[in-house]
Amino acid sequence: MYEILSKFAQTWGLGFFVLMFAVAVAYALWPSNKVKFQAAARWPLDEGEPGDE
């Protein structure tokens, strides 16, 4: 039984993590998220106190 569960976890676990990686890359490179990521990149450099908007 252990061998069956181990093989299942190895094959489907790998597929699951590859799929999750592809989703994360697609989200990061999606054109409509560009403005959001540019604002997040500039946030540490903006002047002002934390919480000021």
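1. Phe37 counts as partly exposed, at 35% relative accessibility. Here buried means under 20% relative accessible area, exposed over 50% and partly exposed in between, with a 1.4 Å probe and protein chains only. Tyr27 is likewise partly exposed, its relative accessible area being 44%.

2. The model is predicted: local features need pLDDT of at least 70, side-chain atom pairs count only at pLDDT 80 or more, and totals for chains, interfaces and linings use all residues. Residues are numbered from 1 along each chain as its sequence is written, and side-chain values use heavy atoms, with hydrogens and water left out.

3. The protein chain holds two helices and zero strands; these are DSSP runs numbered from the N terminus (helices H or I, at least four residues; strands E, at least two). Of its 53 residues, 2% count as buried. The chain exposes about 5400 Å², of which carbon and sulfur atoms supply 71%; accessible areas come from the Shrake-Rupley method with a 1.4 Å probe, and for residues only the protein chains shown count as cover.

4. Three aromatic pairs are found in a search of the whole structure. In the pair Phe8 and Trp12, the ring centres are 6.4 Å apart and the planes at 45°, so the pair is tilted. Rings of Phe, Tyr and Trp (its six-membered ring) pair if their centres lie within 6.5 Å; planes under 30 degrees apart count as stacked, over 60 as edge-to-face and the rest as tilted. Phe8 and Trp12 are four residues apart in helix H1, hence separated by about one helical turn, and both are exposed.

5. The rings of Tyr27 and Phe37 are edge-to-face, because their planes stand at 90°, with centres 5.8 Å apart. Tyr27 lies in helix H1 and Phe37 in helix H2 (residues 34–42), so this pair ties together parts ten residues apart in sequence.
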